[in-house]
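Hi everyone, thanks for coming. Please have a look at the structure on the screen, and then we'll walk through a few places in it together.

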Amino acid sequence: MTHLPSPNQYESSLPKLKSMCIVGHTTDTTTKIWVRTFQPGQWCLVLVNEANIQQVKGTLNAFTSHPDDACFSASGIVKATLNTDEKYDNCECVTIENLTPNTRYYYYLFAYGDTYDQLPRKIERGMAIEHAFCTDEASPHWQNFSFGFYSCHDPFGHRSVSDGLWPDFGEILEDKNTRFVIGGGDQVYCDTHGKRSRRQAKKQKPIIEDLWVWLSKHKNDLYNAYMEGEELNTEGVIDYLAKLYRIYYRVYWNFDSLRTVYCSYPQYMMWDDHEIMDGWGSLTRDQRIDKLSNFWQDDEDHINSKIARLAYQAAKRAYLDYQHLHNPDTNVSNRQYDIVDKQQQWDYGFTKGPIGVYMLDTRSHHDVEHQADGARLLGPEQMTRFLQWLNTTAASGVKALFIVTAVPVVHWNDTVMNNMDLLLKIFGAMDDAIDEWGNETNITERNNLLEQIFKASHANQIPITFLSGDVHCSSAFKLKSTNYKYAKVMNITSSAISRKPPPAMASVAIEGSKSMYRSTHIEVENVFEMAGKNNFLVVDVESENNNLSIKANIYYGKPNDDELQKKEIKIV
């Protein structure tokens, strides 16, 4: 007999998100809107353009209004129906077409069909708290605009629950002509707060269990519960674990300041390791087995290894439901679970007026054991896709490119990090070192990537900037090559928006200005470094008389500071 708790009982002491909307990939005539509803059923999104909103607001009643009411029949008002399913934690995303460029739309989530008859309140989102976004401008008419970047959302690492800098982020985005926001990785932490000392407990730190600590205690019960004769029902295990992973999203995203940003600006997201497990891809099979080992149980390596791999499959499903669904479509967007791992595409690119953006996936193809040298972080299939996009987009007439890689291309002192293996192993940080582009295991791939970046920047005379997170500090570097004198390349890191940062003294480990480690032609110049404070990034793109100006603004400080500090970095 097994004693396996229901996923619905997991972390029951913490309040969980019930319903929510996220604006996703948006163009001048379309948008994706993602919803999570508190119960499965039929729902309807109603988008009202700014020209009609005051008239519509005057007729709305949360308990009697219906999407088919006459007030929603004017031109410029668009509706889309959808069904949410408990199988996917009531998460769904719909693409809405026939929108007008550069137009502000207010939107409402209504109960619909049978769900409308069941619920006393008919308007679930958008009534009491305004939900609105703006479509893109039609090319080539883009005016001055901004976009935001953040990473590493963990409100539970402080002495008490903290929004971090989310309220400040929302205020600054509202003050600018913000067109979209990038989530650069670690939007949730599934694997962080499991071990707690009595001294920490006295500080009343919030209790949220590390999923992998939980698995180390329950994986045998989980395995036995899904054994059918001599075969393991792997789909049943994945489905169970996906429910656990989804609960982390519901806990971590249950913050008003975060939801305000998510429902107001198109969100483009990419995961990092903590949506799976710390250091995923940098751990060997034996190390993953060790993660699930429990001294008080009769552990079997094959069970530990199997459960770890199935947990990864479950993490992908939760990531798809909560993050990737509202990104631009790839081959997994329709929940096609049967595509083999190496053929799954989570990376993607998009353009916004004068700039292009590519979101690299440094997790799902990352494998320190089985990928060949030169392909351990991105894998060969993703590198091929990216280089095709890079060369096509760089030559298309855009004025600048931004490449999002959750792990920075340059941040820590690579010379030191690659010569302290023993110390890193002692302190359990070896996987963090292997995550880095500058680690010996990834040098070939890093050099190949940078060669193509410099070549594209030089040939098209456009700046290319890496945007990164992961490291819970902030930094900015200029990269110069003696082989490509017209190239302009930078790496700007912003991390973390809400996770408790390391002490300020961590800045001594950040790279200085010198030749890039194990490169024959690249010099790095440190233009900014900061540790010990939360931070986020806002990029301003301005064009006047056909001259382009791009400035990256790193805002940093502590939660509840009266005013944040700002570092302005000129990209072009």
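Let's start with a question: does D347 count as buried or exposed? The model here is a predicted one, so keep that in mind as we go. D347 counts as buried, because its relative accessibility is 0% and the cut-off for buried is under 20%.

Now, where is D347 in the chain? You'll find D347 in the loop between α9, residues 301-322, and β14, residues 348-352. Its side chain makes a polar contact with the side chain of Y358, at 2.6 Å. If we leave aside the neighbours within four places in sequence, the residues in contact with D347 include M270, T330, M359 and R385.

M359 stands opposite V404 in β16. On the way from β15 to β16, the chain passes through helix α10, residues 379-394, and this β-α-β crossover is right-handed. Strand β15, residues 355-359, runs parallel to β16, and five bridges join the two. There is another parallel partner to look at: β17, residues 463-468, is joined to β16 by four bridges. In that pairing, F402 stands opposite T465 of β17.

Last stop, helix α5. Where is the kink in α5 centred? The kink is centred on H218, and it is about 65 degrees. Take a look at the end-to-end span as well: a straight helix of 15 residues would span 21 Å, yet α5, residues 211-225, spans only 18 Å between its end C-alpha atoms. At the start of α5, a side-chain oxygen of D210 comes to within 2.7 Å of the backbone nitrogen of W212.

H218 itself is buried, and other buried residues of α5 include L211, W214, L215 and Y223. What do the buried residues of α5 pack against? Their partners are β11, β12, α6, α8 and α9. And α9 is where we came in: D347 is in the loop between α9 and β14.

How values were computed
Residues numbered from 1 in each chain as written. Predicted model: local features only at pLDDT ≥ 70, side-chain atom pairs only at ≥ 80, totals over all residues. Heavy atoms only, no water. Buried < 20%, exposed > 50% of the residue type's maximum accessible area, 1.4 Å probe, protein only. Polar contact = N/O pair within 3.5 Å; in protein donor to acceptor, adjacent residues only side chain to side chain. Contact = heavy atoms within 4.5 Å. Expected span 1.5 Å × (residues − 1). Bend = angle between axes of the 7 residues up to and from the residue. Pairing = 2+ DSSP bridges. Right-handed = clockwise from strand over helix to strand, strands pointing away.
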